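Colleague: I'm new to this one, could you walk me through it?
Modeller: Gladly, ask away once it is on the screen.

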Amino acid sequence: MKKKRIVVKIGSNVLTRDNGKLDITRMSALVDQTAWLYSHGYEVILVSSGAMASGRGEIKVSRRLDSVEQRQLFSALGQAKLINLYYDLFREYHLPVGQVLTMKENFNSRRSYLNQRACMTVMLENGVVPIVNENDTVSVTELMFTDNDELSGLIASMMDACTLVILSNIDGIYDGSPSDPASQVIRQVAPGTDLSSYIQTERSGFGRGGMITKYNIARKVAEEGIRVIIANGKRDDILIQLAEHPDTVPHTEFVPSSGNVSGIKKWIAHSNSFAKGCLTVNARASQALTGNQAVSLLLVGVVAVEGDFEEGDLVNIVGEDGTLLGVGRTSYDSTEARQLMGRHDQRPIVHYDYLYLE
């Protein structure tokens, strides 16, 4: 029987105590639940925060460190400790673990993307639990992931997971302030539903992101046909309850879209931050792209070309008002595109098969 593949993102606020130290008891409980999932027909990929929390307190620093130095030092120390803890905890269930450290730029090229997918595929085929985290020792630029929510969405998409579970220290998305007793958790989000007005923008605890990041990632991943659940990782047996008795535990579920999305479109969908350039299109092209028909972007609709890119690079596509419409792989380099923009009877600059619309 084919196993059900899920990605579980464990946030910093789940694995961290109030004093900033790693909560090993909570970590052990989540390992117990993951092992239960494996014994009940699931393949699990863990996207785990906690490296910095693991590294804090391991040594006394000789001078005051800036934020970048802290991230590098504590992550380097903590990642070794974190993966060893996972190793020891999973070993009780005879489950081997493998560490996958990655960076945002590793998803930049299609080749690197496929290499990472191949690595995790062979791990899963051999019963190894992949434990994924951003390599914070070198990811200290604007190319960092927003946080591990973004990384988990990419992993779920790349690995064709059936479900992405985002564990935080909150039960889900509320219809008001979570601190208001009258507020209720929104239990289900249908495709195309806009919940942005309900999202609290502040961040909490030790994570880099917030609920707005979780919402945007969940919406995008659900559009690719993957169910997404936002739930409270500090609730006892949360993963088992979600698998067996989901109606008994509060959470927000994003219902997946029914249409199939190709592998290359899944890659492109998460790649707008890797774009090498930008194509501005006129109102007619904007209307065609956002309509109900599947269309390619033609040069006749392009009114401006920004950036220096080669054929095959990714480019963002924006309307004349600056609104991001989508991202796609270009059939021209930037020099050709500038020379030919606005002309008829040319091949598409972005073919529909290599176009993802926001």
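Colleague: In E12, which residue is the bridge partner of Ile317?
Modeller: Ile317 has Gly326 as its bridge partner in E12, and this is a predicted model, where local features need pLDDT of at least 70, side-chain atom pairs count only at pLDDT 80 or more, and totals for chains, interfaces and linings use all residues. Residues are numbered from 1 along each chain as its sequence is written, and side-chain values use heavy atoms, with hydrogens and water left out.

Colleague: How many bridges join E11 to E12?
Modeller: There are 5 bridges, and the strands run antiparallel; two strands pair if DSSP finds at least two bridges between them. In their hairpin, with 5 residues between the strands, Gly322 takes a positive phi near 90°.

Colleague: And in which sense do E9 and E11 pair?
Modeller: E9 (residues 277-281) pairs with E11 in the parallel sense, over 4 bridges, and Asn316 in E11 is the bridge partner of Cys278.

Colleague: Is E11 mostly covered or exposed?
Modeller: E11 (residues 314-318) is mostly covered, with 5 of its 5 residues buried, where buried means under 20% relative accessible area with a 1.4 Å probe, counting protein chains only. Leu314, Asn316 and Val318 point one way, while Val315 and Ile317 point the other way.

Colleague: Switching to helices, at what angle do H6 and H7 cross?
Modeller: The axes of H6 and H7 (residues 211-223), which are lines fitted to C-alpha atoms over the stretch in contact, cross at roughly 10° and come within 9 Å. That makes H6 roughly parallel to H7, a term for angles under 35 degrees.

Technical notes:
Axes fitted to C-alpha atoms, helices over the stretch in contact; angles between N-to-C directions. Helix = DSSP H or I, 4+ residues; strand = E, 2+ residues; numbered from the N terminus. Parallel < 35°, antiparallel > 145°, perpendicular 65-115°, else oblique. Buried < 20%, exposed > 50% of the residue type's maximum accessible area, 1.4 Å probe, protein only.
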